[in-house]
Amino acid sequence: MTTYKETVDTLCQLLQSGDEADRCYAARTLGLLKDTASVETLIERLKDEDLDVAIDAAEALGNIGSSEAIPALIESLENDPSGEVCTMIATALGRIGAAEAVDPLLKICLERPEDMEWDDDWDTWWDVQKAAVTALGSLRAEKAVDSLAALIDDETQQDMEPTLLNTLIRISDTGESLVIGRLQNQDSLPIHRRRAAHALALSSSGNATRALGRALTDPAPDVRAEAALSLARQNATSYLSALTLLLRDPDGEVRHAAIKAITELARNSGSTPEMEDVFQTMLTDPDPGVRAILYNVLLPVVGSSALSEQNFQAMLACTSDSHAEAASAACALLGANGNPGALDKLLQIAADSSAHPMVRREAATAIGKLGRIDSRVLDTLEQAITDQQQVVRLAALAALMELEKTGQVTPEEQEQEDGTTPLPHPLDIILGALQGEITIPQPATPPVEVTLDTQVDNPEADQESRAAENEEAVENAAPELELPETPAEIVAEGDVAPAMSTLDAIAMANVETMMKTGHPEKEIQDEITQEYLEIVEDNKELMQRMRSNRKIDAQEDIRRLAAHILAETDRAEVLQTLIQALNDDAAIVRREAAASIGLLAQRNPQMEALSDAVGTLITQLAIGDLDQKITSARALSHIGNRTALIPLTEALTAPEFTLRVAAIEALVHLSLNSQDPAKADHMVVRDVPPLSIARKLMERLEDKEMAVRVAAARGLAEILQPLQEESFTRKAVEKIIDGVTLGTGEEARLIGRALRRFDTDLANSILLANLKQADDSVKRSVFIEMIEELLTERDNPEQAA
């Protein structure tokens, strides 16, 4: 017997003899395994004394989809008094596709069974009705159309209307015609027309699309809005022009729906005549918000279909729009269009310090996309690197990198260079920025910084910024709060004022405890206070890191951004400059340099100079801050120099669990992807073979942190797979599984997925042995969850047998 068949048999046995928890877990897993051998046992559980088991059995039968279960499901639907069970049975019949179930499903839609139970004040028949209606749609039951249409008009069934409409659409053209009629009936309430419009999105017929198009002029705003969204769901690009008219609708809900619909349609349509019509409309739209939206919608279009001269000139004028979003979108559109005639205007905007930073950012980005290099371009972008706004700085550096990759020196500039000093390469400017050769002039008054994660007109971002400033002000104004070793005075009971904060409440509890015990000096460190203090200590370092990341020196930020951008090129001088930056005075620059070196190594591990970074990265892995350690570990894993193996194994016992996880991942990657030390001329004094690394990872299976245990399990699977160490692999799998039961079992599903990386038959046999030996349902549920994850998401040829 294979382990797969043994699994099914074992779960069937649990389904028959286990307690209610066992039976629920077994039923659910059997349904996911979809083995028809379990159908008979699951049918028996439809009448289980525990409702949850019966529900899970019905769901499992629906997932398996065997026609063998249809008679039993129909019998339970007609006779079971539990509405919850009948609801799941109706769903299961719809999934199986049982034509013989149409009459029983229709009957229970129309007539409430006399014996069906109420759940307190809730009539569970309503849930059964909804599931039965949906099932009839899945079965495309033509004979149910008239009865379902009649239900819609039943005043007691108004909550069922959306489900009934969706079902009519799915059943047939006849049902769709009934829904279209409801949309076009102006005598009906707007809510009914809106629901009809929503349902028609499920249809792809021309009749449904035309009906939705006419509904764009419905007198009710919510109907117009729903019609617009439904046209987008149908991908009805022919109605794009009509939808743009809704952008000026007097109702805000309609305008919002039109924006969503146009964006969705434009994403799917590309360059079409309809899009050209939209473009002509948008140039004269009086609403700058509408213009901004439509410019962004057209971005993918102008890349493949250049603007006409008339439209191009109009877009140039739009870059001066007083509305920042519209002007930003116009700059982006010009960059995507690629007409070099826009360069002068874009340079002017990028150099204008009084312009909105978002507009300057898009102008700088567009300059890079135009791909023309001359002295004005380089001077403007170099000056933009020193801008007071981070978004502009980053855009300028990115534009220079784009020009380095694809840019061409203009013919005019080439003529001027004859006999003169040639232009610097864009890359030289970025390297200079990293090396501190570009400095920011100090403004007379500090500007309002617009960072990468700040949005224009974003009240929430503004509120967070103000909160951070207030927090810092309080921190600077008040000394750090410390609890005294003993209270200065014991107050009489009843004299303590009501607590006004968490700390006050803790202090009050301490005072009351001291009054009752008579030993205040011993009780001040009670468990509640100690827990509070531990939380404060744990969060102190995190808050300091968050503040340090929030307050970045602009000069350091230039070098950090330059280091970030340089990861995009494999030039030798770039790597050398990044290696030098590993020793930068600024921690954020060192961290970004390490991250970029890691990306370079990941893309091109054969770069000769990569080993020059190993020594510094190993040092920073040992003494850097937490972020630097994690970044260094990742970089070392991609460089492929086995010298890093021993330092990485030492990091496995670091106090920070995030570093332990990073060290595990780095060790595994380096072990499997490293270069031969002799051929690469690496100075590896003591090598660490893969099996030794596996032993180190085995120790981490007992780590107190779940993330570390899961990472170790995954890492072991990757390392052991090519080694073919059957005995060691078995021990590893056994220990991985044992580790789940030693904890709370919360990582059972994660470990189950990790076990897929091992031999499935081996892992499953060990899980089955543990499942059979488990002495309570809690432990058994953990093993069942792991089995479920191990077996249900991979193609198993025996499942279909």
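Helices here are DSSP runs of H or I that span at least four residues, numbered from the N terminus. With that in hand, keep in mind that this is a predicted model.

**Backbone angles in loops**

- Most residues other than glycine have a negative phi.
- You'll find Gln 724 in the loop that links α40 (706-720) and α41 (726-742).
- Gln 724 counts as exposed because its relative accessibility is 71%, and the cut-off for exposed is over 50%.
- Lys 34 is another non-glycine residue with a positive phi, this one near 60°.
- Lys 34 sits in the loop between α2 (20-33) and α3 (39-44).
- At 45% relative accessibility, Lys 34 counts as partly exposed, a class that runs between the under 20% of buried and the over 50% of exposed.

**Aromatic rings**

- The partners are Trp 122 and Trp 126, with 4.9 Å centre to centre and 85° between the planes.
- That pair is edge-to-face, because planes over 60 degrees apart fall in that class.
- As for accessibility, Trp 122 is partly exposed at 39% relative accessible area.
- Trp 126 is partly exposed too, with a value of 37%.

Methods:
Residues numbered from 1 in each chain as written. Predicted model: local features only at pLDDT ≥ 70, side-chain atom pairs only at ≥ 80, totals over all residues. Heavy atoms only, no water. Helix = DSSP H or I, 4+ residues; strand = E, 2+ residues; numbered from the N terminus. Buried < 20%, exposed > 50% of the residue type's maximum accessible area, 1.4 Å probe, protein only. Phe/Tyr/Trp six-rings, centres within 6.5 Å; stacked < 30°, edge-to-face > 60°.
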